[in-house]
Structure formats: structure tokens, C-alpha cells
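Reader: I am new to this structure. Could you show me how to read it, feature by feature?

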Amino acid sequence: MNTAPITTWEGAEAYFTFADKPVILGLVTLVGIAVCVYTIASMAIHENKAYKNM
Amino acid sequence: MEQSVPELMARLDSLESSLAMATTINSEVFYWWCTALMLAIHAGFLAYEMGASRAKNALASGMKNLIAFAFLIPAFYYVGWWIYLAFPAGLSIADGSEAGLPWSTNMGPNLTDNASGIFYAAFTLFAATTASIMSGSVIERIRISGFTILALVLGAVVWILGASWGWHPDGWLTTEWGLHDVGAAGCVHTVAGFFTLGVLINLGPRIGRFNSDGTVNNIDGHNMPMSLIGLMLIVMGFFGFLGGCIIYTGDMWTTIYNTPTTLSAFAFNTLMGVAGGMIGAYLVTRDPFWMMSGALIGVISSAPALDLYYPGFAFLVSFAGGCIMPKLNDILVGKFKIDDAVGAVAVHGFGGVWGLIASGIFASGYPNIAGPEISFVGQLSSAVVFMILGFAPGYALSYALKVVGLLRVTEGAEIAGLDKAEVPASAYPESSVPAAFTNDPTSPTPAE
């Protein structure tokens, strides 16, 4: 997968992966947020199960 | 050796370019190490809160800190930095704030932007500090999931909105009211302290904290030495925190309001503030825990005018803070039955308010670059804004979490201990330790 936004270092500015594809950056952001939300939900489920055993 | 004018001009251009690059690199290096030092704040909060917990809750208290830290880093990347850039005027969105959106070309490796990443990092550590301020108060009975949600809202939204309003060269509290708060006593400490107060009201006290006749039981943590070392680590980390409050331009140092200052000014008054707070808290409590909390109170008390105070005066302002805040905590616990396990509402919330009021009294008349001069009314009004900005969302969100059952652990889990209930590890697994240092639920507090 070619994720590079540059073909030469001459005059390069933002050079991180997908820097020239804001839609993909937005999607990556959404996936990152989803990971956080999922983990918090998982945390709550773990707590509910744990407290039932007390 | 004779050189032609074009050669000299070329050399001059080269020297200017090298100087500009050196300035940029120096700035990056400065904030890089400020950020690294600020990590000591979180190591400190980790140790101090685990020590302040009973052994049966030690790991759960630590987990809470670690989780908040881990979640706040991406959360601040996704929304926090943009909020800071977007809202200095109040609630309207500023031009240019799109540079802080997570899909901006400024929010990643960029050879033409040496500033965004390093400032994002420093501000993220400030954000994590606000969550850590709350976390000690709520130990031993809050659900980690509920705490994480609260920490995310406080650290990635609420405090940074306050920073945009009052800790920004164009923030409306400064341009309209002349707020001067170089050490972030208001947007960090007051906001976090009053957010915590709102949470504590809905969370309620630990089982056994209060008797039916209203008298108070002390619930001692299991490791006071660990707490004291943690508090000293926080003080160390404050040198990174306060260093990060200064802007490095290459020519000179300025405050975040663009007024000129020096690192020496901050060094004088930070140390004198630490000492004043420690001595004041010792004088009124004789308690080592409060003496080290007094160090934090001292820094916070002098923080708004660290660039302006005569050091001997900063000592006295912080001494007064160190004397007052432990008594305010006694009132919160004894009269209002607020079970703040580490006194964070008094130390940070009211400590920040005292710092702003003191600077309004003793540093009024100094000019600002943008906005009116420092005044008592401006500092006091700004303190009220920070109190409301912290308290209202803290209360509302914790109330909502309480309604859906995500705020507090069950009674059974609280009595058995949160480590046993939900942490797949043991703090002291093989040691032969006294009953009070184990997960043994048969060694409860007096009213259990």
C-alpha cells in the first residue's frame, strides 16, 4: 500500500501517511474514537460481571 | 581577507537562517523536556493515590489513573487541541482553528510546522493533570468506566475550554476583563477542583466515612510514605508544568499573554511558593500528608502572578494558602459531608480561587498586552467563571452517570475491595503482612 503523500523530500511539508487524503484521515479518526468507546463499554461490562460475584 | 558584498550578504543570510533554525530547535527541545518532566506529575499522582487507598483498593486506584492517562492522549488529539484554538472569543469558532482538527496537515509530521506537535504534547499533559486532580478525591468507590468518561470530558473538553477563554493571548477573559493567570491556577486547578466537587456530591461518601450521628471517621490509606513520595514527585513535575506555561520566542521569554518575563522569575516564586505552602500547612495540621499537599497549595496560590510577585511576598501568599486550605477541607468534610479522600477540592479548587483573588489584590495595576490592566474585579470575576465552568458539567455528567448506574460500585464490591472485585492482579500477593494490608474484608472501617 503506497501511503506516502510525497515522491521527493525536496520541498516536502506534511509527509505523514495519508497526509494528502483527508477523507482517510477522517476515517482513521473515527476508527480511533470507536476503539476508545468500545473499550469503555467493555470496561463497564467487565465491572458489571465482576460486581455480580461480590 | 576581502570579500565582495554579495558574498557577505550570502553569509549573512546563512547566519540568519541558522539562527532561526537554532531558535526553532531550542523551542522544541524546551517543551519536549517540559512534557517529560510533567510525566512526573502523573507518576506522583499514581503513587500518592495508591498510598492513600486502603490496601484492598490500591491497584484499582492506580488503574484508574493509568486508564485516564491513556485515554486522554487520543481524546485530546481528537478534540482538545482544536477546542483550545477554536474558542478564545467565547463560543464562536475562531478562524484558523481548523489547524487543530485531527485530519489537519498540522497534526502530524510536517517539516514546516515545528510547533503544533510539541504544544499538543504539553497541553495533553496539562489535560491529564486535570483528570488526576479529580481521581484522588473519588477513590475506593467510583466505577473505573464512569471515572474514565468523567476524565475524558474534564480533560479533553472542559478545562481546555477554560484555557481557551483565560489562558490564551486572545482569550476573552483577558481581552475583556484583564485576567492574568500565568500558571493556570484558574483553568487547570479551579476548573478541575470544582468539577470534582460536582462529582463528589453525586458520588457520595465511602462506606464508613460518616457515622449516623454525623461524626467523621478517618479512613487512612495503607501507605503514607508512598503518598509523600508521590506528592514530592508532583512538585517536581510542576517545574515542567510551569516551564510549559512560558513561551520561548528566541529573543526573550514571554507569558502566555505575551507579556515579557524570565525563567528566573518563575524559579524564584515557584520555590518560595512551595515553601510557603508547606510551612503554612504544617503549622495548622502537623500532618505530613497535608504538609506535602501544602506544597501544591503553595504553587497554586502564587501561580497566577508567578511572573510578577516579589519572592518574599509569594512566600507569604502561599503561606496563607497553606494555612487556609486544610481548614476549608475540614469544613467540606465535617459540615457538608463531602468525602474528598485527598482534599483536592480545597487544594486545587479553592487554592486556585485564592491564587486568583490574591493576585487581584496584590498584583492589580500591571498592564496587559491585550485587554485592560490586572484588577481585583477582573480576577475575581474570572475565578467565578472557572468555578461555574468546572462545577456545572461535573455535577450534570456525574448525575447522568448515577442515573444509568455507571457512577458507583456496588456495596458488596466496595466492602470486599475493588482489587478483589475487578482487578486480575494482587498488590501484595506473597508478603506476610498485617490484616490491614490485605484484601481481608474482615478488617473494615469502624462503621462498616
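**Reading the model step by step**

Author: Start with one residue. B:Glu28 is partly exposed, because 15 other C-beta atoms lie within 10 Å. Keep in mind that this is a predicted model.

Reader: Where is B:Glu28 found?

Author: B:Glu28 sits in helix 1 of chain B, residues 5-52. Leaving aside neighbours within four places in sequence, B:Glu28 is in contact with B:Asn114 and B:Ile118. Now compare sequence and space. B:Glu28 and B:Ala115 are 87 residues apart in sequence, and their C-alpha atoms are 7.1 Å apart in space.

Reader: How do I read a buried residue? Is B:Ala184 buried or exposed?

Author: Count the C-beta atoms around it. The cut-off for buried is 20 or more others within 10 Å. B:Ala184 has 28 such neighbours inside 10 Å, so B:Ala184 counts as buried. B:Ala184 lies in a loop, between helix 5 (172-177) and helix 6 (185-203) of chain B.

Reader: Which residues does B:Ala184 touch?

Author: Not counting residues up to four places away in sequence, B:Ala184 touches B:Phe126, B:Trp167, B:Cys245 and B:Ala303. For a distance, take B:Val342. B:Ala184 and B:Val342 are 158 residues apart in sequence, and 21 Å apart from C-alpha to C-alpha.

Reader: And B:Ser293: buried or exposed?

Author: B:Ser293 is buried, because 31 other C-beta atoms lie within 10 Å. B:Ser293 belongs to helix 9 of chain B, residues 288-302. Beyond residues up to four places away in sequence, B:Ser293 touches B:Leu231, B:Ala281, B:Gly343 and B:Val347.

Reader: What is the general idea behind a nonpolar core?

Author: In soluble globular proteins, nonpolar side chains tend to be buried together. Now this case. The largest nonpolar core has 148 residues. Those with the most contacts inside it are B:Leu72, B:Met134, B:Ala151, B:Trp159 and B:Val191. Helix 2 of chain B, residues 58-86, gives the largest share of this core, 18 residues.

Reader: What does B:Leu72 touch?

Author: With residues up to four places away in sequence not counted, the contacts of B:Leu72 include B:Thr124, B:Ala127, B:Ala151 and B:Gly155.

Reader: How do I read two helices that pass each other?

Author: Look at the axes, then the angle. The axes of helix 8 (residues 263-285) and helix 10 (residues 311-334) of chain B come within 6 Å. They cross at roughly 35 degrees. The crossing of helix 8 of chain B with helix 10 of chain B is right-handed. By class, their contact has 17 nonpolar, nine polar and one charged residues.

Reader: How is the size of an interface given?

Author: The size of an interface is often given as the accessible area lost when the parts come together. Here we can count residues. In this model, 25 residues of chain B are in contact with 21 residues of chain A. On the side of chain B that touches chain A, helix 2, helix 4 (144-166), helix 13 (411-416) and helix 14 (418-422) each supply at least two residues. By class, that side has 15 nonpolar, eight polar and two charged residues.

Reader: Which residues are buried in helix 1 of chain A?

Author: A:Leu25, A:Met43 and A:Glu47 are buried there. Their cover includes helix 4 and helix 14 of chain B.

Conventions. Residues are numbered from 1 along each chain as its sequence is written. Chains are lettered from A and ligands numbered from 1 in the order in which they are written. This is a predicted model: local features need pLDDT of at least 70, side-chain atom pairs count only at pLDDT 80 or more; totals for chains, interfaces and linings use all residues. A nonpolar core is a set of buried Ala, Val, Leu, Ile, Met, Phe, Trp, Tyr and Cys residues joined through C-beta atoms within 7 Å. A residue is buried if 20 or more other C-beta atoms lie within 10 Å of its own, exposed if 12 or fewer, and partly exposed in between; C-beta atoms are placed from the backbone. Helices (H or I, at least four residues) and strands (E, at least two) are DSSP runs, numbered from the N terminus. Two residues are in contact if their C-beta atoms, placed from the backbone, lie within 7 Å. Ala, Val, Leu, Ile, Met, Phe, Trp, Tyr, Cys and Pro count as nonpolar, Asp, Glu, Lys and Arg as charged, and the others, Gly among them, as polar. Axes are lines fitted to C-alpha atoms, for helices over the stretch in contact, and angles run from 0 to 180 degrees between N-to-C directions. A crossing is left-handed if the near helix is turned anticlockwise from the far one by less than a right angle, and right-handed if clockwise.
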